[in-house]
Structure formats: C-alpha cells, structure tokens
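Here are a few notes for a colleague who is coming to this structure without having seen it before. Please read them alongside the sequence and the model.

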2 protein chains.
Amino acid sequence: MREAMVIFQPSGRRGKVPLGETLIEASRRLGVDIESLCGEKMSCGKCKVRIDEGKANLTGFQGEEEKFISSAEKREGLRLACAAKIKGDVLVFVPEESRASRQVIRKAATKRRIKIDPAVRLYPLTLREASLEDPQGDFERLSHALEGRYGLRDMTLDVEVLRSLGTVMREGNWEITASVWNSREVIRIRPGKVTEAYGLAIDIGTTTVAGYLCSLVTGEVLTTHALMNPQVTYGEDVMSRITYHMMHPNDGLHKMSQAIVDALNSLVENMVEETSLTPDDIEDMTIVGNTVMHHILLQINPEYVGTAPFPPAIHHSIDVKARDMEIRINPSSYVHVLPIEAGFVGADNVGVLIAEEPYKKKHTSLVIDIGTNGELVLGNRERLMSSSCATGPALEGAQLTFGMRAAPDAIERVVIDPQTHEVNFKVVGRDEWSQYSRPGEIKAKGICGSAVLDILAELYRTGIILRSGAFSKTQESNRYRVTKKDNQPEFVIAWKEETSIGRDITISLKDIRQIQLAKGAIYTGCKLMMRKMGIDKVDRIILAGAFGSYVDPDKALIIGMIPDCDLKNIYSVGNAAGDGARIALLDRNKRAEADRIANQVEYIELTVEEDFQREFIDSLQLPHMKDTFPHLKGIVPDDILNPQ
Amino acid sequence: MREAMVIFQPSGRRGKVPLGETLIEASRRLGVDIESLCGEKMSCGKCKVRIDEGKANLTGFQGEEEKFISSAEKREGLRLACAAKIKGDVLVFVPEESRASRQVIRKAATKRRIKIDPAVRLYPLTLREASLEDPQGDFERLSHALEGRYGLRDMTLDVEVLRSLGTVMREGNWEITASVWNSREVIRIRPGKVTEAYGLAIDIGTTTVAGYLCSLVTGEVLTTHALMNPQVTYGEDVMSRITYHMMHPNDGLHKMSQAIVDALNSLVENMVEETSLTPDDIEDMTIVGNTVMHHILLQINPEYVGTAPFPPAIHHSIDVKARDMEIRINPSSYVHVLPIEAGFVGADNVGVLIAEEPYKKKHTSLVIDIGTNGELVLGNRERLMSSSCATGPALEGAQLTFGMRAAPDAIERVVIDPQTHEVNFKVVGRDEWSQYSRPGEIKAKGICGSAVLDILAELYRTGIILRSGAFSKTQESNRYRVTKKDNQPEFVIAWKEETSIGRDITISLKDIRQIQLAKGAIYTGCKLMMRKMGIDKVDRIILAGAFGSYVDPDKALIIGMIPDCDLKNIYSVGNAAGDGARIALLDRNKRAEADRIANQVEYIELTVEEDFQREFIDSLQLPHMKDTFPHLKGIVPDDILNPQ
C-alpha cells in the first residue's frame, strides 16, 4: 500500500497514511480532532484546514468547497478536510475554530489587549541634500534629522546599515525611512516613506515551536505557524538533550543548536512566503523557551543547569544580533531572548507571567505550568515567588505500564460508573466512546497523558481506591485483580477484546503510586509556597502549558493535585508563553517589566524547605471527599461525597 | 638568470633580484637605504635587518654576524644585510636604526608619553561557588562580583562570552579574569588570574599598512610590522580605487575590502607568531586611515566621498565587532575606527591631531599632511580649522616629463652651483653623487618626488628661474635651452651620458608650472586659513605623512610652499597617524577627544572662499628672497639673497 506523510499543526502529530484517504480520515488516524458536524458530507463547512505545504499533493478543489471557502481563503490554501484526498506529503494547519473543542476554558491568544509600543519603530525623514555648504557625513545628516524631527538623541547605527546608507539616501532622493531599535540604534534604512514593519514572536517548546508574525504598527497577527522542534531527534525531554550534549561534547550542542536555528529559519521562510514579505522585512524578534531550550538556542553549555544547584548561564534578557545567531531576518536586527527566573523556571514562564500579570493583581494567583517539570508561581502585587517541582513524566503517561503518547488509539478519557464500576473510555481518533461501540470497533493501544488524571480521579470517586491510593479490599468489581506473576494489584481499563495489543490494558498500584508522586510534588510545591506566603487559599489558579490545556480542573481537585480554589477561578491559558513573547514583541515596556519581574520573583528551592519531606509524604494521600465538596456537588455522586 | 622577489619594509619597495646577491646589494638595486659604514665587510654591524618571511631563503648565519646579533635577536630573525645572500623570496624589515638617515628631523614614535587607560581592562575575580542557597545565574554572579569588587555597574556581555562563561568559571575553580570593554561589556573571560592583555593599532595607508602590537597593561610596543596595502592592485591612489569600485559595481568594493581584511589578518598572524600569542590574545584594535581607506575597509560605498560635495558616510568614530569585519582577533572584541573630519580629511589626520595635540597648545600650529591630496589643520587651543587642497601628484614626481616613483636610479636629490649652474645629483641606490662619479657609473632613469622641491628651489636660488617661475632670459647656462619641436624652455638635470634612457633628463617650464600649482595650492590653503584665523604667522609647522618625511623645510620655504616660520619650529613627525592609532589604543579618553576634535574642527572648503582664485594665482609666484632671508642665511648664498 502506498503511503504519504501527513503532519498536522499546531499539534505536531504526524504519520504515514494511505494515499486516497481524506484529510479528515487522516486526522482521525493520527489523533487530531477536527470538527465535523455533517459526517464528512461537505455540507457543514466546519472542517476548514489550511495547507501549508504540499497543496499539489491533494485532489483538486471541489465545487462544494466554494460554498464555505472564499476566493481569498482559497489563495491562503484553505480546504475542507473532508473534501481533499491525499496524493502525497502534506503539512496541514488546523485553525482554532476547526478544532473539536475540549472541555477546557481556553483564552484566545489573539484577544489579549496589548499596548503597541514596539522596540522597533519607523521614522520617515526628508533630508537636506548634501552640498558644498553642508557637506556633513551621511550618518550625521541622518542622526541630526532624527533628533530634529523626532527628538531622538545619541543615535548609533549598525555597521551593516552604514554600508548601504549613502546609496539608500540617494536612491530615495533624500527621502528615507529609518527603522530604529529602542530609540538608540538605526537597524535598517529604506528609500522613500515606509509605513509597515513586522516582527516575529517565537515560543520554543521542547516538542513544538510556534511563531507569530505580527505587524509592529497595528499589532495584528498576520499569520501563525508551528512546527516540531527538530531537536526531538536528540532526546524527547530536556534532560535527555542535556545528556546528549554531555555524551557528544564535541558537536552535540552545536548540532542541537543548528537544528533549532534551521527550524526558525524555515519558519521565517514559510511565513514570509505566505505574506509576500522578505526575511529582511522582519525587523524584530522575541523568543521564549524553557531554560534548556534557551541555552541550546544560544549555544550555551546546558550541563550546569541540569545538575544541582541548577544555575542558568544568565537570568537577564539578552539582545543578540540576528546575524550572530545565524537567524536570517534583517541582519542588523536584534533577537530579544526573554529572561530566566531560575534553573528550571525559564523564559517561557516569564512569558506566562507578563501575559497573565499576577504581580499586578490584588488577589493571589497560582500559576501552574505542568510538563515533565512543574513550574509554579504564586503571588500578587505585593509579592511573587516561584519554584519548580520534579513531577516526572507520569502525568504525560510516559512511565505507566501501558503509558503511551497521544497517538491514534491511545485512551484519552475515562469515566467509571460508581455503581457498576464499568469503564467507559474514548480513544484518540475515534468519536464514539467504548460504551457506544460494537465489539471489535475499538482497538486501544495504551493510555496517554490526558487520561491519567481521569483514571486516578475516577478510581477514587468511585471508591475503587482509598485515600492512601491503595485498592479498597471490599470492592467486588471483576476488573480488580492481583497478578499472579508479581502479586501486583491492578484494575482493568480496557479488556483484551477492546485493544489491538492482545491483552488487557490495566492500571497497577505501581502506576497509581507514580501518579501520586507527581500530583504530590505539585501539591507540596503549592502548599509550601502558600505557607511561605502566609495564605491558605488562592484566589485564582492558572493552568499553563500543553498539559494545562487538557487537565480537567475538577479532576485535579479530586485527586488533590492543586490547592482548593473556586472551580470558576481555575482556568487554562493555553500557550500563554507564546502570548508573552508576542506581548514583548509589541510592547517594549514589557521587556523591562519581564526583567524586573524575573529578578524580583523569589525563587524557592523546595527541597531545602523545612518539612519538605513530611509535606510531600502527606500530599501523596488523596484528599477527603468532603474537603472538596462545595465545588464538586453534581460532579461526584452524593452518596460518595457523603458516605453513610 | 634566476631571480627572487625581495620586498623591503617599511618602504614597501620590491623587485626581482638575481640569486646570490646580498641583501644590501638588493637594497641598493631597489632604492632602499641601509646604513653601511664598513663597506659591506661585516665589521660595522650597522646593516642589521629583520627577516619577516623567507628566513630559509637566505644563506646561513655567519660567524661574523654573531658579534653584532645576540641570540635573542637571532631568534627574532635579525641578520646583517651584507652577510645574507638571497636564495629565494624574502620579506625584509629595515629597522629605523639601520636606515641611512635623511636630513629630516623625525620624532621617534616610541618616545611619546601616553597615558595608559585602555578601553579593554582586566578584572581578576574570585567568585562564590554556586550552591542551592545561592543558585544565581553565572552572568549575574560575574556582574555582581564586578560591581562589588570594582564598582562596575550595568554590565552586559557578548553572546560569545556567554557561551563559554559557565565552563570557564568551573575550569578556573571560580577564579577567573574578565576582560571588560569601556567599563560596560565583558568581551572575554579566562580561568585563573591573568595580568596581560594586548591590543593592535593599525594605520592603513593607501600604499602601506602598519601595525603596532602593544601591551594594554604597560603600553609597551611588543612589535611593529608593516606590509603593502594589497589594494594597490586595484589602483595606486584613492581616486583610482573609487573608480575601480564604480567600474566594478558588483564586486569591486568587496574585493578591495577583502584584500585589506586579509592583509590585516596576516599582519595579526605574523605578529602573534613572533610574540607567541594567539589571535584571541589581541583584545582591542584601533584603526586610522584616510576616508577612502576607512570606507573600503568598512565596505562602505566610497563613491560619494569622491565627488562634490564629498560627504563621508560617517564622521563619528565607530566600534564594530571584530567578527563583523571578519578580523580574526578575539571575536567579541570591538575594532575602534577613528573619526573622520571631512571628505578628504580622514581618520589618519585625526590620528595626527591627537598625537600632536595642536588644540591644547597656546601657540598656533599648522599641520601639513602632504600626499596626492594635501590636508591642512591650523589652530590652537582656542580654535581649530582644517581644509584640504588638491595638490595633484606633481610633488611626488608623477606628472613631470621625466617623473617616476622612488625606484633605483631615480634622481632623488639635486644641488645646483650658483656660479656655474652645474648640477650635482644623487640617484636612489647609489651613495656617490654625480659630481664624484666617473662617466658611465651613473645611470639616471628619471626624477622622483624627493627631488622635486630640490629642483624648484635650486633653480630659483641660483637665479635660473625668476619669481614667476619662467626661465631667466639673461642666464648663460648651456643646460638651458628651448626645444625645437614644441618651443618649450627646459633645463637639463642629467646629461644623456649620465642616464640609462639614452636622452637628457630635463625639467621643462611645463613641469615647473605643475610644481608651482601644487605648492601654490598648499600655500593658498595655508594663507586662507590663516586669514580666517586672523593671523599672519604661525608658531609651528608640522609636516606629516610620507612626503612630509623627505621635505626639506628650507626648500619648502624657498619656493613658498609653506608660510613663514622659524626653521627650528618646522619639523616632520613621520607616521604621526599611526602614533595616533596607538594613543587611542592605550588611552580611551583620547577616543572621546578624537571625536570631540573631529567634530569641533571647522572644515573650510577653500574653493568657495572669497578671493580663492586670486590668492591661488598670487601664490604661484616664488617668494621674494629677502622675505625668507632670516632663516636662509647660510643656506642661500649671500649674493643671491641680497642681489646687487
């Protein structure tokens, strides 16, 4: 069977699919949720996707598509995913509005109000022509005009600009436009009057890289692109990339750095192609990323930040000439890399902070950024503290017996009937839950991250496990058993017949302990910080990062992963780090604010806190049901909430 | 006959010589003056030269040489020029003390008193080791230490330094030395305590490039190297290089720029090799050069500075990262290019100014920097003005009927007997004057620059020409004649038998007019500036540049090229531009001073001055003898000074 490679963005999910399948069929196969109300009959128009690469590798545009796709959208590359059949490799972007929505409150990034005060501004000028009476140098002519007309004093200019200055002035017949960085350095000069300038905000995640191309004049986002971080070849998580560097001291760092720089350059190329700009038209750039991504990008040895006491190479933001990073935008431009709070609280977290601004609020916010490492920020306008906790990969499903990544046929949601203890689950790439599927239709492969909290919460809510995490001995479910081989208690999530792996998919006591360790680490961090702050309740909990976007707040409360908080004040902010990069791009005051905040925030090293060990052990327990009662009414059955 | 290429520095004279000749024989052939008192018998030791390239292309070190050359000098490559015979190509440097001296007062560059306050300073530090209690970033640890220990605030650091910071700190076991540029940017970091730093001062001439490698700690000059400016391939003077760029718009500028950058890099390599340093050990660099050299080096289009109104691309000094200029010293270091006063008054002139400091003196100095273009600076601590005058190449001998460059057998000195009008001359490469030579021994080829003023002054002093420059009709010399072909009056300097060209070498009225135009241009410039300054006499005249070093002040006075001044207050400062570069390297205050002076100096465009034309015509005349009398007593015979 002939196949093609299909990649869906922004999720980054990818895989080989048989030629002739529609994009929506491929999306299901790869675990990407695309909205489809009409059952793929080209009649609802909800499954619009944008083809970023390989337009010619799809079957032709159909008449039905024209009802939903304007000619402008057509030029942008939009198609109905149910209409376009795959003939070869394609890169598909699924717009926000076409994604099948999850039960998560998500702030739309584009709706943030951002002040427009960019670091790079345009200054059109009409210069006096050089003459024998006024033979001053080209640069002095320019800087005097900038001072006279705009009050900009003590200008410098980049040597690359100096090289073309005289020619551009004369080409423009003494009418020019100067791009000035931070009111102090001329970084570009063009003939005539120019009114548009552009910048690029980048969020470098361990797995995904996202870019936002923005107008520096209006603040508008012209286009958003995402791609896989090509460093995944060198390790799935940050620690394995540090290890790769240490195992390849000669070229490991350089290879990883080159990979991300190449990725940024191809991101730039794709974005400028789409918008008919040139790379030089990108005159400013901001970057956020965790500390290790930050270090690798800048070719900084990441070894020390990976071992105690985890000092980063630098906290402060840094402005590096694009050419010094080999990033192909306007070569005289600077790339602004946001500051780092602490070893494991990186520029991505700073991005979240300047986007959410907990330090400006009277009420106290708790920001939880969950990944392989948990980053916590707690505070208000009086005080701000941060810490990090080693959650391990259990919350992403990685270390569980049947754990797997969010790929097709991974179990992603789980509900357990409190009476019968029957399990109803859903797999990635299939709409019907197991309860509504016929035998043989479901072929589960394993358990992915988004099901992990479901399982722990459901097992506890239904009384299958106790507060300690141990299985209740009084239960009668036939799904509970103790393995003969190693005497391990376990609970069956999917029977052999519902899988494609030929055996039951179970959750073992050992798995439950892993999850408890992870949730306990987060809870301990939150609790110790709250104690240090002298509070016992937070006003608001912000869940950031990829994991944050599929955590159900109620589940997190049930298992005691997060401290008590009104459910309506718990929300996920999706890619707030990327929003932070965009905010810093458009408003230079926010760059200074980021440095100030990164410097002010008190970093708490949890492991050296008094009582850390005891608190951590305590936190492994699941909370008393009644403790979480007020918010869980209606979610947890009354007889469980108020046992006789 | 097999030959080898021999190049003598710092004169840059070069040519093919037969194998087997000694270096001193070759020097004579190529017109280089090397002192030799013993007649090449290896017994006076005056002809020491340094072999910069091709040591193996000379015959072996001889026993006699050891009497004069210490083993340390031997390692440096010193030889006696009369002992070493040529077996292949060599690059020879003739030290100041081995040059056959000319009648010119020369200030030894190394004797200037320079304050040592370099832009790059070393700061040894002992840091506190990172710990869980103090996990701050490496850069913050460094900058806090720099502030705490040395009071340096708001430090930044170059991204290249950041890349190695963590490793170097740990390599040095938290003892490190930071190199800081201008008290604000860390440009290098090394483990342990380092106490030596080095810098390089460069003077880029149109023909020659000179480099001074200095200790930034003691100010000592470790070594001086010079080489030809390889751009000579693209044109002998600045205008022809501008033309080359205009005729080759695609790559002309790039080629010339690459040529000089390559030359600087090989200069660096040779110097660090000699001193056992590495290129990275050069942590600072200053450059002076005329405006066109400045522009080409920085890859700035030199077209506009070559055409009216001659605006340079920039007046202000500029600091460019070495790596952005592809100059291979410490890559994070800056190259400081000194400012430009006006289109034709370049950074080399600024170098002369900060070396001579006329702006600090109560008395009024006139600085005359003569080349193809004359650059004039007049002033004192109250006021400073500059101008440039187009002298043309006549003073260098280039446009005269028998003009040639200073190559072997060029007439370089001329004396005329006031009674007999007999001519006694000397050619390059031969010690004996014509008067003391036997027929056939002298084979003059033409007239070079250093003889030009001699000839005009001697013709006038002896009454052969009149004040107007025209030949006296009453003279009876058989050397005076009018050509039949074009009715041109001329005077024979060398008879056919004394030449190798088979005809008399003469100076024609047309030649005299050329010289008058050149000297008149300089005198007019001086006079108009003095008028603007409101003075009729200057206290001091400083002759700078290559031509300045072979101008006899008395001759210049006789022909009225320079205004009246006490002979003892007229002196040549040799390569004062290079001294200026060295001063700026060692004392950063002088950089600011240079920018201030370059900005303050009033540039006078002579050609738009009132009366310019009339003054210029007047200045073509030769001065009344009695006007120059007081200083010329004993130089000009009394009967000429006081004609009956």
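Through which surface do the copies meet?

1. The model is a predicted one, and in it 100% of the interface residues of chain B are also interface residues in chain A, so the copies meet through the same surface.

2. As for how the copies are arranged, chain B is superposed on chain A by a rotation of 180° with 0.0 Å of shift along its axis, the RMSD being 0.3 Å. The two copies are thus related as by a two-fold rotation axis. In chain B, the C-alpha nearest to that axis belongs to Asp324(B), and it lies 4.4 Å from the axis.

3. Within chain B, helix 5 (residues 238-247) packs with helix 6 (residues 252-275) at an angle of about 130°, and their axes are 7 Å apart; helix 5 of chain B and helix 6 of chain B are therefore oblique to each other. Helix 5 of chain B contributes Arg241(B), Tyr244(B) and His245(B) to the contact, while helix 6 of chain B contributes Gly252(B), Leu253(B), Lys255(B) and Met256(B). The residues of this contact comprise three nonpolar, two polar and two charged.

4. In chain A, His336(A) deserves a look of its own, being part of strand 15 (residues 334-337) of chain A. His336(A) has 3% relative accessibility and therefore counts as buried, for which the cut-off is under 20%. The side chain of His336(A) makes a polar contact, at 2.8 Å, with the side chain of Asp319(A). When neighbours within four places in sequence are left aside, the residues in contact with His336(A) include Met285(A), Thr286(A), Ile287(A) and Arg591(A).

Conventions. Residues are numbered from 1 along each chain as its sequence is written. Chains are lettered from A and ligands numbered from 1 in the order in which they are written. This is a predicted model: local features need pLDDT of at least 70, side-chain atom pairs count only at pLDDT 80 or more; totals for chains, interfaces and linings use all residues. Side-chain values use heavy atoms; hydrogens and water are left out. Copies are superposed by least squares on the C-alpha atoms of residues with pLDDT of at least 70 in both. Contact means heavy atoms within 4.5 Å. Axes are lines fitted to C-alpha atoms, for helices over the stretch in contact, and angles run from 0 to 180 degrees between N-to-C directions. Helices (H or I, at least four residues) and strands (E, at least two) are DSSP runs, numbered from the N terminus. Angles under 35 degrees count as roughly parallel, over 145 as roughly antiparallel, 65 to 115 as roughly perpendicular and the rest as oblique. Ala, Val, Leu, Ile, Met, Phe, Trp, Tyr, Cys and Pro count as nonpolar, Asp, Glu, Lys and Arg as charged, and the others, Gly among them, as polar. Buried means under 20% relative accessible area, exposed over 50%, partly exposed in between (1.4 Å probe, protein chains only). A polar contact is a pair of N or O atoms within 3.5 Å; within protein, one must be able to donate a hydrogen and the other to accept it, and residues adjacent in sequence count only if both atoms are side-chain atoms.
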